[in-house]
Amino acid sequence: MKYLTLLLLLFSSLTFAQPAPKPYGPLPTQGQLNWQETGMYCIIHWGVDTYTDKEWGYGDESPDLINPSNFSAMQIVGAAKAGGFKGIVVVAKHHDGFCLWPTKTTEHNISKSPYKNGKGDILREYREACDKLGMKMGVYCSPWDRNSALYGKPEYVTQIYREQLKELYSNYGPLFISWHDGANGGDGYYGGAREERKIDRSVYYGWDETWGITRKMQPNAVIFGDVGPDVRWVGNERGQAGETSWATYTPHAPDAGKKPGNGYVKDYEGTEGHRDGKYWMPAECDVSLRPGWFYHQRQDDSVKTPQVLLKLYYQSVGRGAALDLGLSPDRTGQLSANDVASLKAFGDILKRTFAVNLAKGATLTASNTRGHNQAKFGPANLLDADRYTYWSTDDKVHTPQLILDLHQSKTFNVIRLRENIKLGQRIEEVAVDTWQNGRWKEVAKATSIGGNRLIKLDNDITTSKVRLRIIKSPACIALSDFGLYKEAKFNDVSPLMDNKTAHKF
């Protein structure tokens with residue numbers, strides 16, 4: 001009897017000493033984990049183009065244009081927060097070269113405008129608003145500068161652009177993202193030259209050295225760009241990731257043998273990423289709330305409706321990416337009523353939809369649990385709202401099944417799945433079945449999961465049991481979330497928008 005007891009104790013200790021699964025493929029940094037959890041943020045375009053009714057300024061615009069009657073960072077950031085967004089990216093300098101902070105690098109900045117008698121600092125106002133409202137802040141400083149006489153020369157990068165980044169990093173942090181795009185080179189004012197200038201997009205900005213400044217001065221900020229290195233562009237401005245969207249990615253230059261760079265990459269590959277990608281580099285989906293990025297009065301009745309925003313949410317955040325929504329304050333320095341109303345209605349529907357996980361309280365039965373260790377690797381971890389506790393299986397079990405017994409009939413039309421991405425992106429295909437008329441019926445399939453996957457069903461499903469089948473995975477699973485939700489109802493259109501406007505997008 002004594003020997004049997006010792007054997008049982010030894011078996012028990014070996015079972016519960018089962019180590020965690022080995023990571024699979026590239027892994028996210030802490031900054032990338034923070035970014036993934038952020039989910040949605042807004043990029044804010046406001047500057048001289050707001051007053052010239054353009055999207056891209058030429059670089060010769062007068063600072064006198066900048067004198068809003070009632071600029072309110074609190075109103076703008078507050079509207080974003082009401083929409084469920086967790087941060088903003090301030091366009092500190094667009095391609096026209098005008099800086100919204102009192103920089104030492106150029107005279108073309110807000111201190112030369114009449115705003116607050118030359119004592120204004122838009123970046124400071126956004127920073128204070130974010131701090132008061134508990135919102136994250138990031139910056140975008142355009143590398144292309146159509147105002148600078150030095151643009152196209154090495155001195156522009158070393159004496160102007162990098163110094164501007166240093167000022168932003170030093171004075172307006174902490175930042176959650178440093179945002180960069182691929183717009184560079186072309187015609188411009190260039191200090192009065194009024195000519196076209198071209199650069200070698202693969203080497204001109206010396207991105208490795210430039211981003212080294214970010215790493216040193218804002219180590220917790222992710223760097224966004226066509227080539228990352230932390231977050232990639234999705235390859236379109238429609239706000240849509242691919243139905244399959246891998247967090248792993250290898251940027252490729254359009255020409256063989258050349259180094260890819262911002263504005264010089266096969267950007268269409270960013271839509272889906274690469275299953276065998278060398279880097280953990282998930283996608284950001286950028287799209288503007290209006291047809292343009294800057295404010296144009298003629299677009300006041302063309303604001304995306306709440307239901308359009310919800311659809312974009314499923315196509316971006318719901319595919320493991322982030323949604324970066326463009327906001328366009330008007331000439332007074334605030335968001336217009338239609339913009340605010342659409343954001344609020346979207347935020348409300350999002351909050352109500354995901355307020356209750358209908359899977360809560362279910363009995364979960366897994367076909368396999370790693371080392372029989374229910375506490376550490378059991379399916380109950382799927383319902384605790386922690387992204388990094390997880391259900392896992394033994395190393396040799398790649399295609400397990402899980403049954404949720406809801407104990408009573410419940411109605412849902414949204415399914416949420418997440419992996420513990422600290423262990424990589426592992427699952428390649430899943431299916432969901434529901435118990436209907438005494439048998440299982442498949443109602444959904446999906447490919448990539450990663451940090452977040454939302455499956456919006458075409459119809460409401462009422463059932464008492466749900467089954468999840470892992471169809472394909474190159475390694476044992478590490479699934480952290482399984483949620484069932486019923487999309488809340490709301491009016492077909494915002495009260496400030498008519499039906500014609502609602503169906504423009």
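Contact here means heavy atoms within 4.5 Å. Helices (H or I, at least four residues) and strands (E, at least two) are DSSP runs, numbered from the N terminus. The model is predicted: local features need pLDDT of at least 70, side-chain atom pairs count only at pLDDT 80 or more, and totals for chains, interfaces and linings use all residues. Residues are numbered from 1 along each chain as its sequence is written, and side-chain values use heavy atoms, with hydrogens and water left out.

The barrel comes first. Eight strands close into it in the order E1-E2-E3-E4-E7-E8-E11-E12, with parallel pairing; two strands pair if DSSP finds at least two bridges between them. On average, neighbouring strands of this sheet are turned by 25° against each other, direction ignored. Strand E1 (residues 40-44) runs parallel to strand E2 (residues 87-93) and is joined to E2 by three bridges. Cys-42 stands opposite Ile-88 in E2.

Strand E11 (residues 283-288) is another barrel member. Six of its six residues are buried, so E11 is largely enclosed by the rest of the structure. Buried means under 20% relative accessible area, exposed over 50%, and partly exposed in between (1.4 Å probe, protein chains only). In a regular strand the side chains alternate between the two faces of the sheet. In E11 both faces are covered, with Ala-283, Cys-285 and Val-287 buried on one side and Glu-284, Asp-286 and Ser-288 buried on the other. E11 pairs with E8 in the parallel sense over two bridges, and Trp-233 stands opposite Glu-284. With strand E12 (residues 322-327), E11 pairs in the parallel sense over five bridges. There Asp-286 stands opposite Asp-324.

The loop between strand E8 (231-233) and strand E9 (248-249) holds Ser-245. Why does Ser-245 count as buried? Ser-245 is buried because its relative accessible area is 6%. Not counting residues up to four places away in sequence, Ser-245 touches Arg-232, Thr-271, Glu-272, Arg-319, Gln-425 and Ser-448.

Next come the helices. In helix H7 (residues 207-217) the residues Trp-207, Thr-210, Trp-211, Ile-213 and Thr-214 are buried. These residues cover an arc of only 135° around the axis, which puts them on the same side of H7; the arc is that of the directions from the helix axis to the C-beta atoms. An α-helix has 3.6 residues a turn, so residues three or four places apart point the same way. What covers the buried residues of H7 includes helix H6 (154-171), strand E4 (177-179) and strand E7 (222-225). Exposed residues Asp-208, Glu-209 and Lys-216 are carried on the face of H7 turned away from its buried side.

The axes of H6 and H7 come within 10 Å and cross at roughly 20°. That makes H6 roughly parallel to H7. Axes are lines fitted to C-alpha atoms, for helices over the stretch in contact, and angles run from 0 to 180 degrees between N-to-C directions. Angles under 35 degrees count as roughly parallel, over 145 as roughly antiparallel, 65 to 115 as roughly perpendicular and the rest as oblique. Residues of H6 that meet H7 include Val-157, Tyr-161 and Leu-165.

For helix H4 (residues 73-82) and helix H5 (residues 122-133), the axes come within 9 Å and cross at roughly 45°. H4 is therefore oblique to H5. Among the residues of H4 that meet H5 are Ala-73, Ile-76 and Val-77.
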